[in-house]
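Dear colleague,

Please find below the structure that I am handing over to you. My notes on what was found in it follow.

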Amino acid sequence: MSGTIYVINPNSTERVTKGIDDAVAPLRMAGGPAIDCLTLAEGPPGIQSQRDVDGLIPALLKRAAGLENEAAAFVIACFSDPGMHALREQSTRPVLGIAESGVLTALTLGQRFGIVAMLQNSIPRHLRYLGAMGVMGRFAGDLPVNLTIAEMADDELTLGRMIAVGRTLRDTHHADVLVMGCAGMARFREPLERELGIPIVEPTQAAVTLAIGRVQLGWGGRPLDGG
């Protein structure tokens, strides 16, 4: 399958898209699919509630429909995986969500995974999703840095909060691998991993890695007949 892996940031903050683009840069390679990171201009500046998640889905589906013919795969770059199942129904291409991909990748890197969340009110959404995935038996904990997307522009503050949360997840909750619970955290994976000494999964990298494998091996999305 030729074409482009479209990584769609469902919020409207271009700075987040730039961070995602930088994070997936090592996955661009000669002979591999093109990777294009896009911003959903109709999305909210930050996805901070279930209402935000649900409200952006029509715009996301419309944007993806316009890219279908050029797409090799789609990656939804929000840790709530908004519209993932609807896009899988709509598209014949592989569709990866970063939460699902990040968690599944973490399960290959450790026995107990923790999540570094953005806000306290993100955690109920995460728990519903983890329960639906059936992975609670290997879940260590989910703790927030309690910063909005706008506040996360402060690198020193954000990394400091992430390190503190990560230490608690490692030392108190006994997580041996962490997943960053927001695409806007992408630029902090390497310093966080150096500081904590355990694997850190940046979920957009995880999703794009899976998408490349799907494309290169010809493991497609929904068959054209819907079967």
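D155 has a relative accessibility of 40% and is therefore partly exposed (buried means under 20% relative accessible area, exposed over 50%, partly exposed in between, with a 1.4 Å probe and protein chains only). The model is predicted: local features need pLDDT of at least 70, side-chain atom pairs count only at pLDDT 80 or more, and totals for chains, interfaces and linings use all residues. Residues are numbered from 1 along each chain as its sequence is written, and side-chain values use heavy atoms, with hydrogens and water left out.

**Salt bridges**

D155 and R187 form a salt bridge at 2.9 Å, N to O (a side-chain nitrogen of Lys or Arg within 4 Å of a carboxyl oxygen of Asp or Glu). Because D155 belongs to helix α7 (residues 155–171) and R187 to the loop between β7 (177–180) and α8 (189–196), the pair ties together parts that are 32 residues apart in sequence. Helices (H or I, at least four residues) and strands (E, at least two) are DSSP runs, numbered from the N terminus. R187, at 34% relative accessibility, is also partly exposed.

Nine salt bridges are found in a search of the whole structure. Among them, R28 pairs with D21, their closest N and O atoms being 2.6 Å apart; R28 is partly exposed at 32%, as is D21 at 27%. R189, by contrast, is buried at 18% relative accessibility. Salt bridges with shared partners join R189, E190 and E193 into one network, in which the side chains of E190 and R189 meet at 4.0 Å, N to O.

**Helix α6**

The buried residues of α6 are I123, R125, H126, Y129 and L130. Viewed down the helix axis they fall within an arc of 155 degrees, so they line one face of α6 (the arc is that of the directions from the helix axis to the C-beta atoms). Their cover includes α2, α4, α5 (98–106), β5 (113–117) and β6 (139–144), where contact means heavy atoms within 4.5 Å. Just after α6, G134 has a positive phi of about 80 degrees.

**Largest pocket**

The largest pocket is lined by 16 residues, with Q50, V53, S80, D81 and P82 nearest its centre. Elements giving two or more residues to this lining are α2 (50–55), α4 (84–90) and α6 (123–133); α6 gives the most, with four. A pocket here is an open set of points on a 1 Å grid over the protein atoms alone, where a 1.4 Å probe fits, with protein on both sides within 12 Å along at least five of seven lines; lining residues have an atom within 4 Å of a point.

With kind regards
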